[in-house]
Number of protein chains: 2
Amino acid sequence: MNRDIALLQETELFSGLRIEQIAKVLDIAKKVDFAAEEIVMREGDVGDEMYVILNGTVEVVKSLILSSIYEDEEAEKKNKVFTRLDEKNHAVFGEISLLEGQKRTATIKTVTDCSLYRISRNDFLALAGKDPELGFGIMFNLAKILAARLRKADDDTIKLTTALSIIVKES
Amino acid sequence: MNRDIALLQETELFSGLRIEQIAKVLDIAKKVDFAAEEIVMREGDVGDEMYVILNGTVEVVKSLILSSIYEDEEAEKKNKVFTRLDEKNHAVFGEISLLEGQKRTATIKTVTDCSLYRISRNDFLALAGKDPELGFGIMFNLAKILAARLRKADDDTIKLTTALSIIVKES
């Protein structure tokens, strides 16, 4: 339990929370185990649960290009991004589903056997209703995470439109 | 005052809040007036205040392309996006600054004379500390707004990388 509290405190989503607040989060978390090579969530599916990695490594697979332009699966595979998460490195995923039933923005597949904590939106909202200070702390962290991702996405868009405009200019 | 409460209740950021909660937000808001053609905030500057439009229209100007590739100002102007906001349509702007001192992601310029409410991050955080239920409600709305923008930005990235990959394939 103490190790799990320390683990959650090190994540961006739960950073700054006190030990007794983290303990309340763990009260609504369910431990679930996955074997290696299992799909935890699939890009495009609607989900209402987030996860924290306790042990193991997962792979995040995200499309970069509309799949309609591919001739075969091999070509499609080349244009996906793969990143890996484990308990020490971005242990939280699926956290946007705390907000509302959203389509998953990536597929998550286990690389090794994994132990995860699963937290459902309904349980989180009930907890935030009972303890709004805790709810505010988590929501503030989540908004900051999303703002940082949005900034990065905006920068990427600017780079891509710049590249496109240079190509169009030169052609 | 009643009109201002109704106006805030219709924005995404303050939606779902009760009248007495909105009244607390108005208590920390300062009314500020701008003449037409004034700059309210400049893209890239660090800001810690958000705004609600009470009267008037502002223009949002956002770079789409890195400015380093332009030869002159006229060319640069062509590659900016301009959208307009007023009290009926996306009355809130600068709301990411509630989270931390962030660089402004767009320039805001008044089109007409404008009356705005200005809310500082420090005043908001003090209010959320005293009334965490209210803080949670606003932060939950803000996280939802950011998640929606992030989804749109990710879609844009996929479209742009698809366009680039088609061009590269054909050249």
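Reader: How many residue pairs are in polar contact across the interface of chain A and chain B?
Author: The model is predicted. Both residues of a pair must have pLDDT 80 or more. Under that rule, the number of pairs in polar contact across the interface is two.

Reader: Which element of chain A gives the most to the side that touches chain B?
Author: Strand 5 (57-63), helix 4 (121-130) and helix 5 (132-170) of chain A each supply at least two residues of that side. By class, the side has 25 nonpolar, seven polar and nine charged residues. With 26 residues, the top contributor is helix 5 of chain A.

Reader: Which residue of chain A meets B:K62 in a salt bridge?
Author: The rule finds two salt bridges across the interface. One of them has an N to O distance of 3.8 Å, inside the 4 Å cut-off. The partner of B:K62 there is A:D154.

Reader: What area is buried between chain A and chain B?
Author: The contact takes 41 residues from each of chain A and chain B. A:F136, A:L150 and A:L160 supply 14% of the area that chain A buries, more than any other three residues. Carbon and sulfur atoms give 76% of the total. That total is about 3,900 Å².

Reader: What kind of axis relates the two copies?
Author: Chain A can be laid on chain B with an RMSD of 0.0 Å. That takes a turn of 180° and a shift of 0.0 Å along the axis. The copies are therefore related as by a two-fold rotation axis.

How values were computed
Residues numbered from 1 in each chain as written. Chains lettered and ligands numbered in written order. Predicted model: local features only at pLDDT ≥ 70, side-chain atom pairs only at ≥ 80, totals over all residues. Heavy atoms only, no water. Least-squares fit on C-alpha atoms with pLDDT ≥ 70 in both. Contact = heavy atoms within 4.5 Å. Buried area = accessible area lost by both parts, 1.4 Å probe. Salt bridge = Lys/Arg side-chain N within 4 Å of Asp/Glu carboxyl O. Polar contact = N/O pair within 3.5 Å; in protein donor to acceptor, adjacent residues only side chain to side chain. Helix = DSSP H or I, 4+ residues; strand = E, 2+ residues; numbered from the N terminus. Nonpolar A, V, L, I, M, F, W, Y, C, P; charged D, E, K, R; others polar.
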